[in-house]
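Below are my notes on the model, as numbered points. They cover the sheets, the helices packed on them, a helix pair and the ligand shell.

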Amino acid sequence: MARKVSKRKRPSRDDFLFKERFKLESEVFDRSTLLTLSKLIGKGIFSTLDNPISTGKEANVFRASVESGGFLAVKIYKLETTRFMRRKEYLEGDQRFGKFRRTEREFVTAFAQKEYKNLQICEKVGVHAPRPLLQEKNVLVMEFLGEGGIPYTPLNELGPESVSQLEGILMDLRKLYKAGLVHADVSEYNVLVGRKPFLIDFGQGVLLSHPHSGDYLERDVGNIVKYFSKHGFGMDLGVALRYVKGEGKLPGKAGKKKAEEGKKKKE
Ligand SMILES: Nc1ncnc2c1ncn2[C@@H]1O[C@H](COP(=O)(O)OP(=O)(O)OP(=O)(O)O)[C@@H](O)[C@H]1O
Ligand SMILES: [Mg+2]
């Protein structure tokens with residue numbers, strides 16, 4: 001007589017369909033994330049998840065295809081990581097997220113929500129960043145930044161030819177500051193360069209009322225200034241900071257000339 005398999009141990013039809021649909025092994029996504037993705041597909045937000053663009057320690061980013069054509073970027077914050085706990089300070093000092101959270105899952109979701117809200121602010125004030133579409137639990141769906149299905153190149157991969165992007169980046173940091181937000185994770189890895197530089201990865205972004213917003217701003221601007229000085233264009237941190245805070249101007253044409261000279265020297 002055939003042994004009975006307990007109903008609970010049998011894979012559910014839903015599980016089976018998810019795996020078929022994504023053509024992925026079950027280890028890639030946990031069940032909760034699969035449910036969220038399936039819900040989004042059911043709503044017609046996108047039709048397939050394509051290849052991963054990036055697999056990181058805290059999040060994976062996928063390109064997704066939309067039925068009517070075009071692409072979206074889907075950032076999936078990892079639920080199983082404990083790394084977000086280390087970033088507690090970015091939530092606790094931010095009055096939008098001050099509420100006490102007990103579980104890691106709540107923490108992860110809060111970061112996805114924070115990134116979504118910050119991207120909404122960017123859209124409102126015209127900072128170049130991906131337009132946010134929606135956030136559902138640990139999944140954030142946003143505009144795909146790229147051309148012909150290929151994501152734009154991160155600033156760090158551009159080297160000396162990236163020098164012309166400095167002004168654009170500082171201008172956006174200034175707009176962001178004026179809107180009351182500090183990115184708090186700006187580096188050459190979190191800028192994608194298309195027709196303009198685009199800031200990405202806004203999960204850490206805090207309001208100016210955060211007790212450490214000044215330090216984060218200085219670190220952000222410092223990272224950018226350091227990166228460009230490595231590539232032949234030195235700018236004084238104080239000058240850059242004052243500009244971002246709306247308290248001063250950037251060096252004009254002289255600065256640009258210096259940048260071009262630096263670029264030529266490297267060639
Ligand atoms: N909207 C987007 N369009 C196209 N590519 C994107 C988009 N958002 C992110 N990416 C790509 O995914 C990479 C990682 O994104 P992001 O910086 O937001 O994640 P992360 O939090 O740094 O992940 P981790 O730190 O765990 O690596 C980026 O460097 C970029 O190549
Ligand atoms: Mg990043």
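1. Five strands form an open sheet in the order S1-S2-S3-S5-S4, with antiparallel pairing. Helices (H or I, at least four residues) and strands (E, at least two) are DSSP runs, numbered from the N terminus, and two strands pair if DSSP finds at least two bridges between them. Strand S1 (48-55) and strand S4 (132-136) are at the edges with a single partner strand each, so one side of each has no neighbour in the sheet. From one strand to the next, the twist averages 25 degrees.

2. This is a predicted model, in which local features need pLDDT of at least 70 and side-chain atom pairs count only at pLDDT 80 or more, while totals for chains, interfaces and linings use all residues. Residues are numbered from 1 along each chain as its sequence is written, and chains are lettered from A and ligands numbered from 1 in the order in which they are written.

3. Within this sheet, seven bridges pair strand S2 (residues 59-65) with strand S3 (residues 71-77) in the antiparallel sense. Phe62 has Val74 in S3 as its bridge partner.

4. Two helices lie across the sheet. Helix H2 (residues 31-42) lies across S1, S3, S4 and strand S5 (139-143), at about 40 degrees to S5. Helix H4 (residues 104-125) lies across S3, S4 and S5, at about 160 degrees to S4. Axes are lines fitted to C-alpha atoms, for helices over the stretch in contact, and angles run from 0 to 180 degrees between N-to-C directions. Contact requires C-beta atoms, placed from the backbone, within 7 Å.

5. A second open sheet has three strands in the order S8-S10-S11, with antiparallel pairing. Strand S8 (153-154) and strand S11 (197-199) are its edge strands, each pairing on one side only. Strand S10 (residues 191-193) is joined to S11 by three bridges, and Val193 stands opposite Pro197 in S11.

6. Helix H5 (residues 166-178) packs against helix H7 (residues 237-244) at an angle of about 45 degrees, with the axes 8 Å apart. Leu170, Leu173, Arg174 and Tyr177 in H5 meet Ala240, Tyr243 and Val244 in H7.

7. Which residues come nearest to ligand 1? Of the 21 around it (C-beta atom, placed from the backbone, within 6 Å), they are Ser54, Gly56, Glu58, Ala73 and Asp201. S1, S2, S3 and S5 each give two or more residues to this shell.
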